Amino acid sequence: MAKGLALPSSLRARFRHGCALMAIVLLAEAVLGRGSSAAASCDLFQGRWVADTSYPMYDAASCPFVPDVFDCRRNGRPDSTYLKLRWSPAGCRLPSFDGLDFLRKWRGKTVMFVGDSLSMNQWASLACMLHAAAPDPARVSFSKGDPVSSVRFEDYDLSVVLYFSRFLVDVAEEDGGRVLKLDSMQAASSWLGAHLLVFNTWHWWTYRGASQVWDYMQEGNRTYRDMDRLAAFTKGLSTWASWVDANVDTALTRVVYQGVSPSHYMSKEQETDGAAPASGGCFQQTRPLQVATDGDEAAFPEQVVVRGMIASMSTPVSLLDVTALSQLRIDAHPSVYGGPGRDGMDCTHWCIAGLPDAWNHILYAMLLDQR
């Protein structure tokens, strides 16, 4: 795994204090333009979706870890074409996913996903992929809780854990209300000791109105009613980067950032309200927007922040850059098939089995390359 780009100490200090959004943007642009021989020969995130009748890699109905809201087939989705697509990089061959190999190589270890419900999407997908690969009869234990859920493959002493955290930084209940603390990560000690950490945060930073889960933001001794959300995200992610650099033992732990998972609502208002009307957006979409990336996709501002922050770190962090390949898959969301109690339409999360399996397939390839 390659080291992040080294920065002058003055610029590094500015990152750490969360007041260098423009510097992050400029750094990310430099990193994106620079490229590398490895990326040039094999970019796992540029490619096409190809039909594959051997897919899906598992039957969600046989996997006990799928949250109800992600089990689209059980919730009545009638089509199945979205299950029969495999991601194929343009410049290289993606090695076949070997769940038994994963179980053996990660024997005695802990794989932990830390983040919001998009992390839950990927966690449940990997647990199902490994469950399908484990020899019968598989001894597996499953515990579901808040904030920690875990699937343990007893025969391999391997735990696949979800630590649910919307922002990575803290939200605290105080006398004045709920406070989003941009420079505090009290829960982070629970993440130490994992052998693979896969982080994610973004979507909850944009929410407003009834979906917003904080009343104030705080940084140091300053309290804010609100601020530019991209700036707030940058400050929070800077706190995460500082924590990783100060606390993660790279001899024990590999660190991955999941990247920004795209939504497919018709308007930003629908996304931030958390539900869309049962029409438009991803409703009744049964084919990808297109089958291939074109290599010229413009990066979202939040992607630029993530890339710049990772480049600023002294700890090696791999980016699972899922945005462009997922942007094509308007067909892969639950839409109205989110199950009982789900209002409106879900164009944020992904059906399981489905798109998150490709994320984990690429993650497996990245881990093979790093061993």
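A: Four strands make up an open sheet in the order S7-S8-S10-S11, with mixed pairing; here strands are DSSP runs of E of at least two residues, helices are runs of H or I of at least four, both numbered from the N terminus, and two strands pair if DSSP finds at least two bridges between them. Strand S7 (170–174) and strand S11 (222–224) are the edge strands, and each has a single partner, so one side of each is left without a neighbour in the sheet. From one strand to the next the twist averages 30°, where axes are lines fitted to C-alpha atoms (for helices over the stretch in contact) and angles run from 0 to 180 degrees between N-to-C directions. Five bridges hold S7 and strand S8 (residues 177–181) together in the antiparallel sense, and within that pair Ala-172 is found opposite Val-179 of S8.

All of this is read from a predicted model, in which local features need pLDDT of at least 70 and side-chain atom pairs count only at pLDDT 80 or more, while totals for chains, interfaces and linings use all residues. Residues are numbered from 1 along each chain as its sequence is written, and side-chain values use heavy atoms, with hydrogens and water left out.

A further open sheet is built from seven strands in the order S4-S5-S6-S3-S9-S12-S13, again with mixed pairing.

Strand S6 (residues 158–164) runs parallel to strand S3 (residues 110–115), joined to it by six bridges; Met-112 has Val-161 of S6 as its bridge partner, and Thr-110 is set opposite Ser-159 of S6. S6 is also joined to S5 by six bridges, but in this pair the strands run antiparallel, and Ser-150 stands opposite Val-161. The hairpin of S5 and S6 leaves four residues between the strands, and there Asp-157 takes a positive phi near 50°. Six of the seven residues of S6 are buried, which leaves the strand mostly covered; buried means under 20% relative accessible area, exposed means over 50%, and partly exposed lies in between (1.4 Å probe, protein chains only).

Helix H5 (residues 117–133) packs on it and touches S3, S4, strand S5 (148–153), S6 and strand S9 (196–199), with its direction making about 165° with that of S6; contact means heavy atoms within 4.5 Å. Helix H6 (residues 229–247) lies across S9, strand S12 (254–257) and S13, and runs at about 170° to S12. Of the 19 residues of H6, 14 are buried, so the helix is largely enclosed by the rest of the structure. At the start of H6, a side-chain oxygen of Asp-228 comes to within 3.1 Å of the backbone nitrogen of Leu-230.

In soluble globular proteins, nonpolar side chains tend to be buried together. A nonpolar core is a set of buried Ala, Val, Leu, Ile, Met, Phe, Trp, Tyr and Cys residues joined through side-chain atoms within 4.5 Å, and in the largest one, of 58 residues, Phe-102, Leu-130, Leu-158, Leu-320 and Ile-362 touch the most other members. Among the elements that give two or more residues to this core are S3, S5, S6 and S9, along with H5 and helix H10 (355–370); H10 gives the most, with nine residues. Leaving aside residues up to four places away in sequence, Phe-102 touches Val-111, Leu-126, Leu-130, Leu-158, Tyr-364 and Leu-367. A second, separate core holds 41 residues, including Tyr-163, Ala-241, Val-260 and Ile-310.

Thr-323 is buried, with a relative accessible area of 3%, and beyond four places in sequence it touches Val-260, Pro-262, Phe-300 and Gln-303. A polar atom of the Thr-323 side chain lies 2.6 Å from the backbone oxygen of Val-260.

Methods
A polar contact is a pair of N or O atoms within 3.5 Å; within protein, one must be able to donate a hydrogen and the other to accept it, and residues adjacent in sequence count only if both atoms are side-chain atoms.
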